[in-house]
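Work through the exercises below with the structure in view. Each task is followed by a solution in steps.

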Amino acid sequence: MESSPVTVTISALDAGHLTLPERLFVTDADSEKRTTVPSLSFLIQHCAPGKTRPTRMLFDLGVKRDIERYTPSQQAHIAERQPVIVSPDCRESLLSGSATITPKDIDLVMLSHVHWDHVGTPSDFSSATFLVGAGTLDLLKNGDGPLYPADLFNDDELPSDRTIELPPVSLSGVGSGRPQRTRPSDSALARIAPYLDADIWTWRPRFTFSSTLDLFGDGSVTVIDTPGHLHGHVNLLCQVANSKYVYLGGDCCHDPRILAGDKGIAMYPDGRGGLRSVHVDTGAAATSLDRIRDFVESCQRPVETEVVVAHDGAWRERNKHRFWPGKL
Ligand SMILES: [Zn+2]
């Protein structure tokens with residue numbers, strides 16, 4: 001008899017809000033329309049067979065509650081995203097949802113990518129090991145080309161002794177060879193050894209995706225390489241029941257109408273005589289969206305997949321009961 005798959009529970013967390021001008025994100029936009037949207041965080045609890053205590057992971061940390069802790073260049077950018085709402089942030093949502101889990105109980109924090117509205121306040125999670133896409137520490141220190149100079153990032157955002165970059169994905173190399181991966185320290189690897197075996201992490205094709213990584217080695221949480229938005233951008237495919245997946249899409253798109261095919265990715269002047277989108281590589285971002293669409297379409301009943309992107313305000317309104325301590 002086939003054994004049941006290992007599943008995880010997921011709870012949404014409010015982790016701040018920001019305001020997006022529609023014209024920068026979707027085609028055929030209302031040029032005046034601005035929408036205040038959440039930057040969602042998710043609590044994922046993984047209970048391995050035989051273990052009494054689940055491994056607790058956060059996916060994305062949203063907005064910092066203290067705007068002063070952003071660099072001056074980040075603050076200048078944030079001024080264009082007002083109103084920005086910093087309360088409740090991820091920490092506050094975790095604490096107010098239920099007393100059963102405190103920030104120090106969080107074992108892992110995975111960031112979909114390190115834009116200002118996803119990095120939150122890492123120092124709140126003093127026991128956690130941080131997992132990020134390959135090249136992220138280089139990106140935080142040195143930036144990545146003219147669209148993303150170093151001053152749009154905090155060099156000391158993540159604790160280097162508690163941060164592990166995933167192995168590099170050769171298929172998504174963006175040509176220049178950088179940002180380059182920083183090898184994790186032995187002490188960082190030792191921290192996660194009780195619940196994760198980084199030695200067996202390998203990117204493999206799975207489902208409709210060319211590069212996936214089985215995080216816990218049991219199929220319950222699959223990291224999906226989703227290049228295009230920012231170097232190191234990753235998504236998570238989580239199995240929450242025998243026949244149900246939740247796909248956490250980060251910033252694969254900022255507006256679910258793009259994933260649905262009702263809107264395209266907006267292009268706008270880059271200030272240097274060309275055009276850009278909100279993605280560092282628009283073509284790669286479009287291909288990543290195609291793979292996600294293909295995956296959702298390939299899931300035949302009774303298997304169901306729910307896709308949740310970080311800034312989907314309509315999803316938040318419809319799903320208030322699924323915020324911590326509720327679950328997806
Ligand atoms: Zn982003």
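**Exercise 1.** Decide whether His115 is buried or exposed, and find what His115 coordinates.

*Solution.* Step 1. Start with the cut-offs: buried means under 20% relative accessible area, exposed means over 50%, and partly exposed is in between (1.4 Å probe, protein chains only). His115 has a relative accessible area of 11%, so His115 is buried. The model is a predicted one, in which local features need pLDDT of at least 70 and side-chain atom pairs count only at pLDDT 80 or more, while totals for chains, interfaces and linings use all residues. Residues are numbered from 1 along each chain as its sequence is written, and side-chain values use heavy atoms, with hydrogens and water left out.

Step 1. His115 coordinates the zinc ion through ND1; the other ligands are His113 (NE2), His229 (NE2) and Asp251 (OD), and the distances are 2.1 to 2.2 Å. Donors are N, O and S atoms within 2.8 Å of the metal (3.2 Å for Na, K and Ca); water is not among the atoms, so sites may look incomplete.

Step 2. Angles of 91 to 172° are subtended by the four donor atoms around the zinc ion, which makes the arrangement irregular. The rule is this: four donors count as tetrahedral if all angles lie between 85 and 135 degrees; four count as square planar and six as octahedral if opposite donors are over 155 degrees apart and all others between 65 and 115; anything else is irregular.

**Exercise 2.** Find where in the chain the donors of the zinc ion sit.

*Solution.* Step 1. Along the chain, the spacing of the donors is H-x1-H-x113-H-x21-D.

Step 1. His115 belongs to the loop between strand S6 (108-110) and helix H3 (116-119), and Asp251 to the loop between strand S13 (244-248) and helix H6 (256-259), so the pair ties together parts that are 136 residues apart in sequence. Helices (H or I, at least four residues) and strands (E, at least two) are DSSP runs, numbered from the N terminus.

Step 2. Asp251 has a relative accessible area of 1% and is buried.

**Exercise 3.** Which residues touch the most other members of the largest nonpolar core?

*Solution.* Step 1. A nonpolar core is a set of buried Ala, Val, Leu, Ile, Met, Phe, Trp, Tyr and Cys residues joined through side-chain atoms within 4.5 Å.

Step 1. The largest core has 35 residues, and those that touch the most other members are Ile44, Met110, Leu215 and Leu236. Among the elements that give two or more residues to this core are strand S1 (8-13), strand S4 (41-46) and helix H5 (186-192). Strand S12 supplies the largest share, four residues.

Step 2. Take Leu215 as an example. Leaving aside neighbours within four places in sequence, Leu215 is in contact (heavy atoms within 4.5 Å) with residues including Met57, Met110, Trp201 and Val223. Another core, of 28 residues, lies apart from this one, and its members include Val37 and Tyr70.

**Exercise 4.** Describe the surroundings of Val309.

*Solution.* Step 1. Val309 is in the loop between strand S16 (304-308) and helix H8 (313-318). Its relative accessible area is 3%, so Val309 is buried.

Step 1. Not counting residues up to four places away in sequence, Val309 touches Leu40, Gly249, Gly250, Cys252 and Cys253. The C-alpha atoms of Val309 and Cys252 are 7.3 Å apart in space, although the two residues are 57 residues apart in sequence.

**Exercise 5.** What do the totals say about the chain as a whole?

*Solution.* Step 1. The chain has eight helices and 16 strands, and 55% of its 328 residues are buried.

Step 1. A compact globule of 328 residues would have a radius of gyration near 20 Å; the chain has 19 Å, which agrees. This radius is taken over C-alpha atoms, and the globule rule is 2.2 Å times the number of residues to the power 0.38.
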